[in-house]
Amino acid sequence: QVQLVESGGGLVQVGESLRLSCTASARSFSPHAAGWFRQAPGKEREFIATIGWELGRTRYADSVKGRFTVSRDNAKNTVYLQMNSLKSEDTGVYYCAANAAWRGTTTPTRRDEYDYWGQGTQVTVSS
């Protein structure tokens, strides 16, 4: 069983930056992809970014393109989300997820394409 643990959330001002980390507990962690989702109050969990674990191909939601960057360190079993130029609408709980079972893509964007989830970390962007 894989456990994912996020860290790095917090309270920032509009325009500032944060970097989230997500580390897998498994000794051998080799998903097809790792992704980030967020859930704002009263809204459904939405896709933010994903990265293919082997080749590093990435995909982003339109709302964060040019501001967020997803990366991974395979040796550390860790995926990162660098968030720049934060906006108030970026506020929410951020979840990392791992896609273990092959579903035909290295950049899955749907929640049901991910098999493991972290507990979430709160990001609050204040104006």
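**Aromatic cluster.** I find that F37, F47, Y114 and W117 form one aromatic cluster. The model is predicted, and I kept to its thresholds: local features need pLDDT of at least 70, side-chain atom pairs count only at pLDDT 80 or more, and totals for chains, interfaces and linings use all residues. Residues are numbered from 1 along each chain as its sequence is written, and side-chain values use heavy atoms, with hydrogens and water left out.

I took rings of Phe, Tyr and Trp (its six-membered ring) as paired if their centres lie within 6.5 Å, calling planes under 30 degrees apart stacked, over 60 edge-to-face and the rest tilted. By this rule I count five aromatic pairs. Because F37 belongs to strand β4 (residues 33–39) and F47 to strand β5 (residues 46–52), the pair ties together parts that are 10 residues apart in sequence; strands here are DSSP runs of E with at least two residues, numbered from the N terminus. F37 is buried at a relative accessible area of 1%, and F47 is buried at 14%, where buried means under 20% relative accessible area (1.4 Å probe, protein chains only).

I then looked for charges over rings, requiring NZ of Lys or CZ of Arg within 6 Å of the ring centre and within 35 degrees of the ring normal. R45 lies over the face of Y95 at 3.6 Å from the ring centre, and R45 also lies over the face of W117, at 5.1 Å from that ring's centre.

Which backbone oxygens does the side chain of R67 reach? It reaches that of S63 at 2.9 Å and that of S85 at 3.0 Å. I noted R67 in the loop between β6 (58–60) and β7 (68–73), and R67 is buried, with a relative accessible area of 11%.

**The open sheet.** I traced an open sheet of four strands in the order β1-β3-β8-β7, with antiparallel pairing, where two strands pair if DSSP finds at least two bridges between them. Its edge strands are β1 (4–7) and β7, each of which pairs on one side only. Between β7 and strand β8 (residues 78–83), which run antiparallel, I find six bridges; R72 has V79 as its bridge partner in β8.

Notes
Buried < 20%, exposed > 50% of the residue type's maximum accessible area, 1.4 Å probe, protein only. Polar contact = N/O pair within 3.5 Å; in protein donor to acceptor, adjacent residues only side chain to side chain.
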